[in-house]
Amino acid sequence: MAKFHDLNVPYTTDVKTFKQILKKSIELGYEVVAVNHVVTSLAKKDAVKEAPAHVPLDDEILAPLKVKAKTFRQLSRLTVTLKDTQTYRLGSGPAQSYDILAIQPTSEKAFQLACTQLEIDIISINMTEKLPFPIRLPPVKAAIERGVHFEITYAPAIRDTTARRNIISNALSLYFMCKGKNVILSSDVENAMEVRGPYDVANLGFLFGLNEAQSKDAVSMNCRSVVLHAETRRNTAKAALSVTKVTDVAEKHKWKVRENRAAMPTVGDGDKDKSSDSSQDDDTDSDADDHHVKKKKRKLKT
Amino acid sequence: MVRFKNRYLLCELVLEKDCLVYPIEQKEVYYVVRQAIERCHGDYGAGVTQGGMNVKYLNVYTKTVLIRVRREYYKLLWSSIPFIKSIGRQKLFFHSLHIGGTIRSCQKFLVKYGQQQLAVLLQKCKTQEERKAVQRATIHCTWLKGLSNFENVKHTEDDDFSD
C-alpha cells in the first residue's frame with residue numbers, strides 16, 4: 001500500500017495557519033507533504049532563495065501517524081513560472097537545495113522546453129483559466145518517457161465555480177493526450193478547511209477522466225515516483241551511482257563500509273582469517289579512501 | 001431475485017472548530033448533499049440520485065454520517081462530496097471513511113475506526129486522569145466485544161492501568 005502524498009502545500013509565513021494545514025493533512029491520512037515555494041518572476045537576481053528549514057511539529061500533531069507506527073515526511077518544492085524568453089539554469093545554485101523542482105509554463109515554447117529538456121520533476125499548468133496554449137501529444141509523450149509528471153490541483157475547484165469548470169475542461173484535454181499516465185493530484189490549499197482526504201481526492205480523478213486505478217495512483221504511486229525521480233536527479237550520476245562520505249552513511253547501510261565489517265558477526269566458519277578475506281575483496285573503493293561508492297538501484301516504474 | 005443494490009458511504013464531518021456536539025438534523029445533511037450533486041452533475045445527477053439517496057444514520061457526538069445511494073451511481077455522489085464547504089453557517093467538510101455494500105460492513109469498520117481514534121486520543125492526553133479515562137474506555141469496548149453477558153463483570157476503581 002503506497003503512502004498518500006500531497007505534493008503542493010503552498011508556503012505561508014503565517015506559521016499558525018501552516019501548522020493547522022499540516023495537522024489536518026495528517027489527521028486525514030497524508031504521510032508525505034511537499035511545501036511549495038512559488039517564484040513568479042525571475043527578474044531579480046535573488047528571486048530563488050535557499051530552501052528554508054522544515055517546520056517542527058509537536059507530538060500532538062503527529063499522534064495519528066504515531067499510532068499506526070508511520071512517520072511524517074516534509075519535503076521542499078520550488079515552482080518557477082516560466083515564460084519563454086527566460087532560460088533559468090536550474091542545475092545549479094539555490095534551486096538545487098529544494099527536494100522537488102516544478103515548472104509552471106505560460107507559453108507553448110516554455111511547455112515544450114519543460115517537457116523535453118529541463119531537469120525537473122513536475123509540470124504544473126495553471127488550469128483555473130483558459131489554457132494559454134494547446135496541449136499537444138509530442139511534448140506530453142516526451143515528458144512521460146522522461147518520467148516527468150503533470151499536476152492537477154483541486155483546491156481552486158473547491159473555492160470557485162468558474163475555476164471548477166476550467167479545471168475540469170483543462171484536465172480532460174490533458175487526459176486525452178496523456179491517457180491518464182503520469183498525472184498527480186495535489187491540493188494547493190490556502191487554509192485548513194480546504195484539505196480533503198486522500199480517498200475523496202482520488203474520486204475527483206473520476207471528474208478528470210481518470211479511471212479508478214489511475215486516480216488512486218495519482219495520489220499515491222505517481223507521487224512516490226516523483227519523489228524518487230527527484231532523488232535520483234539530485235543525488236546520483238546518470239541515475240546509477242551515488243557517492244556518500246563514510247562518516248555520513250546511514251545506520252542501516254553501515255555494513256557496507258569495509259572498516260565496519262571486522263566488527264560485524266560472520267556467518268559460518270569463524271576460524272577463517274578475516275584480514276585475508278577482505279584483501280580478496282573486489283571493492284572499488286580501494287583507491288578512494290574517504291569516499292564510499294554506493295551503487296544505487298533505481299526501480300523503474302513500468 | 002431482483003433487488004436494489006446499494007452502496008453505503010460512511011463519512012465524518014470535520015468542523016472548523018471542533019465541538020463536542022454538533023446539533024444537526026438528517027434532512028439538513030440530505031439537502032446539502034443534494035445541492036452538491038446538482039451543482040456538480042446537474043439535473044442528471046440530481047435525478048439519478050433522487051430515488052435511492054437517503055441519510056441512514058447520523059451521530060452528532062462523533063459526527064458520523066451514513067449515506068445510502070444506488071450502486072450504479074455511487075461515483076456521482078462520491079465525486080461531489082469534496083465540494084461541500086458548509087452546512088448553514090457552519091464551515092465544515094466531509095471526510096469519507098468507508099464505502100460498503102451493507103450497513104453491517106460499515107458498522108464493523110466504524111468499530112475498528114473508533115478503536116483507532118481512542119488510541120490517537122491516548123497519545124494526545126496530557127494529564128494522568130485523562131489517560132486513565134481513555135484507557136478505561138478502550139478496555140471497556142474491547143471487553144464488550146468478547147463477552148456475551150457483560151453485566152456480571154465488575155471492574156474496580158483500584159485497577160492499576162499505569163504501565
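Buried means under 20% relative accessible area, exposed means over 50%, and partly exposed lies in between, with a 1.4 Å probe and protein chains only. By that cut-off, buried residues make up 39% of the 163 residues in chain B. This is a predicted model, in which local features need pLDDT of at least 70 and side-chain atom pairs count only at pLDDT 80 or more, while totals for chains, interfaces and linings use all residues. Residues are numbered from 1 along each chain as its sequence is written, chains are lettered from A and ligands numbered from 1 in the order in which they are written, and side-chain values use heavy atoms, with hydrogens and water left out.

**Chain B: layout**

- Chain B has four helices and five strands. Helices (H or I, at least four residues) and strands (E, at least two) are DSSP runs, numbered from the N terminus.
- The order of elements from the N terminus is β-α-β-β-α-β-β-α-α.
- Of the contacts in chain B with a separation of 6 or more, 67% come from residues 24 or more positions apart. A contact means heavy atoms within 4.5 Å.
- The accessible surface of chain B is about 10300 Å², and carbon and sulfur atoms hold 50% of it. Areas come from the Shrake-Rupley method with a 1.4 Å probe; for residues, only the protein chains shown count as cover.

- Five strands of chain B form an open sheet with antiparallel pairing, in the order 2-3-1-5-4. Two strands pair if DSSP finds at least two bridges between them.
- Strand 2 (54-59) and strand 4 (86-87) of chain B are the edge strands, and each pairs on one side only.
- Strand 4 pairs with strand 5 (residues 90-100) of chain B in the antiparallel sense, over two bridges. Ile87(B) stands opposite Gln90(B) of strand 5.
- Helix 1 of chain B lies across strand 2, strand 3 (64-70), strand 4 and strand 5, and runs at about 150° to strand 2. Axes are lines fitted to C-alpha atoms, for helices over the stretch in contact, and angles run from 0 to 180 degrees between N-to-C directions.

**Chain B: nonpolar patch**

- Leu20(B), Val21(B) and Tyr61(B) make a nonpolar surface patch of about 350 Å². Patch residues have over 30% relative accessible area and no salt bridge; like charges are joined within 9 Å, nonpolar side chains (Val, Leu, Ile, Met, Phe, Trp, Tyr) within 5 Å.
- Val21(B) sits in the loop between strand 1 (6-15) and helix 1 (26-50) of chain B. Val21(B) is partly exposed, at 34% relative accessibility.

**Salt bridges**

- The whole structure holds ten salt bridges over all chains. Each is a side-chain nitrogen of Lys or Arg within 4 Å of a carboxyl oxygen of Asp or Glu.
- Glu151(A) and Arg77(A) form a salt bridge at 3.0 Å, N to O. Glu151(A) is in strand 6 (residues 149-153) and Arg77(A) in strand 3 (residues 73-82) of chain A, so the pair ties together parts 74 residues apart in sequence. Both Glu151(A) and Arg77(A) are buried.
- Glu108(A) bridges to Arg136(A), with the closest N and O atoms 3.1 Å apart. Glu108(A) is partly exposed at 29% relative accessible area, and Arg136(A) is partly exposed at 45%.
- Arg159(A) meets Glu194(A) in a salt bridge of 3.1 Å, N to O. Arg159(A) is partly exposed at 31%, whereas Glu194(A) is buried at 9%.
- Arg159(A), Glu190(A) and Glu194(A) are linked in a salt-bridge network.
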